[in-house]
Amino acid sequence: MNSTLDIKLKDNLTKSRPTILHTLKIEKATIIDIETVNFVGGILEVGAIVIDAKLEIISEIEVRTNVKVPQGHICGDIPCGKFSEGEATKILSNSIEGMIIGWNLEFERRILVRYGYAISGFDLMKWIKQIYTINDYKLDTVCKFFSVEKVEHRALSDCLAVLDILRKL
């Protein structure tokens, strides 16, 4: 077989390969992430990316709250925003379309329930744990496993990392 034809066949196979959303018969989904001061609260920022079944971005948001970031926090130096934590969770809730996807989604669920939002969805971390054996299942570690570049520990950046992992599956 000639190499030009091989390349065209590979390209066609890659383009026609169904995504995880196609497999789950989901037309739209929203990847969400919430960054907090600690494990119990103090929302610093929320992020969300709405995607289609082809894993293309439809829209994205990142909302910073007026909660001050403690010095030395894992998120680095996030400037304070103008929104209260309640306003940020409302903006996040209003941006959700289709199924919710998250990394360790139980954490977001616990935070959002305090603001009156009950969510459920697809926890990619739990799914990865069932299929892949990795040293740990922190988002940074799994990104390295899948050769996904993760820029910083921030809400929108984490959403983009989850999207890139979905694209690798």
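The legends below describe close-up views of a predicted model of one protein chain.

**Figure 1. The chain as a whole, with its helices and strands.**
The chain holds seven helices and five strands. Along the sequence these elements come in the order α-α-β-β-β-α-β-α-β-α-α-α. Of its 169 residues, 41% count as buried. Among the contacts with a separation of 6 or more, 53% join residues 24 or more positions apart.

**Figure 2. Helix α5 and the elements packed against its buried residues.**
Helix α5 spans residues 124–131, and Leu124, Met125 and Ile128 are buried in it. Viewed down the axis of α5, the buried residues fall within an arc of 100°, so they line one face of the helix. As background, residues three or four places apart in an α-helix point the same way, because the helix has 3.6 residues a turn. At the start of α5, the backbone nitrogen of Met125 has a side-chain oxygen of Asp123 within 3.0 Å.

**Figure 3. Helix α3 and its buried side.**
Four residues of α3 are shown as buried: Ala88, Thr89, Leu92 and Ser95. Around the helix axis they cover an arc of only 125°, which puts them on the same side of α3. The helix itself runs over residues 85–95.

**Figure 4. The largest cavity and its lining.**
The count of cavities of 30 Å³ or more comes to one. The space in the largest cavity is about 30 Å³. Its lining is made up of Ile31, Ile32, Asp33, Trp103, Leu139, Asp158, Cys159 and Val162. Strand β1 (28–38) and helix α7 are the elements that give two or more residues to this lining. By type, the lining residues are six nonpolar, no polar and two charged.

Lys68 lies in the loop that runs between β3 (57–64) and α3 (85–95). Its relative accessibility is 66%, so Lys68 counts as exposed, the cut-off being over 50%. Apart from neighbours within four places in sequence, Lys68 is in contact with Val37, Leu44 and Cys80. From C-alpha to C-alpha, Lys68 and Pro79 are 7.9 Å apart in space, and in sequence they are 11 residues apart. Pro70 is also placed in the loop between β3 and α3. With a relative accessible area of 33%, Pro70 is partly exposed. A distance of 9.8 Å separates the C-alpha atoms of Pro70 and Asn38, which are 32 residues apart along the chain.

**Figure 5. Asn104, in the loop between β4 and α4.**
Asn104 is found in the loop between β4 and α4 (105–113). Its phi is near 60°, a positive value in a residue other than glycine. At 31% relative accessibility, Asn104 counts as partly exposed.

**Figure 6. Ser147, in the loop between α6 and α7.**
The loop between α6 and α7 contains Ser147. Phi of Ser147 is near 55°, which is positive in a residue other than glycine. Ser147 has a relative accessible area of 60% and is exposed.

Technical notes:
Residues numbered from 1 in each chain as written. Predicted model: local features only at pLDDT ≥ 70, side-chain atom pairs only at ≥ 80, totals over all residues. Heavy atoms only, no water. Buried < 20%, exposed > 50% of the residue type's maximum accessible area, 1.4 Å probe, protein only. Arc of directions from axis to C-beta. Polar contact = N/O pair within 3.5 Å; in protein donor to acceptor, adjacent residues only side chain to side chain. 1 Å grid on protein atoms, 1.4 Å probe; cavity = no way out; pocket = protein on both sides within 12 Å on 5 of 7 lines; lining within 4 Å. Points joined across faces, edges and corners; volume = space filled by probe spheres on them. Nonpolar A, V, L, I, M, F, W, Y, C, P; charged D, E, K, R; others polar. Contact = heavy atoms within 4.5 Å.
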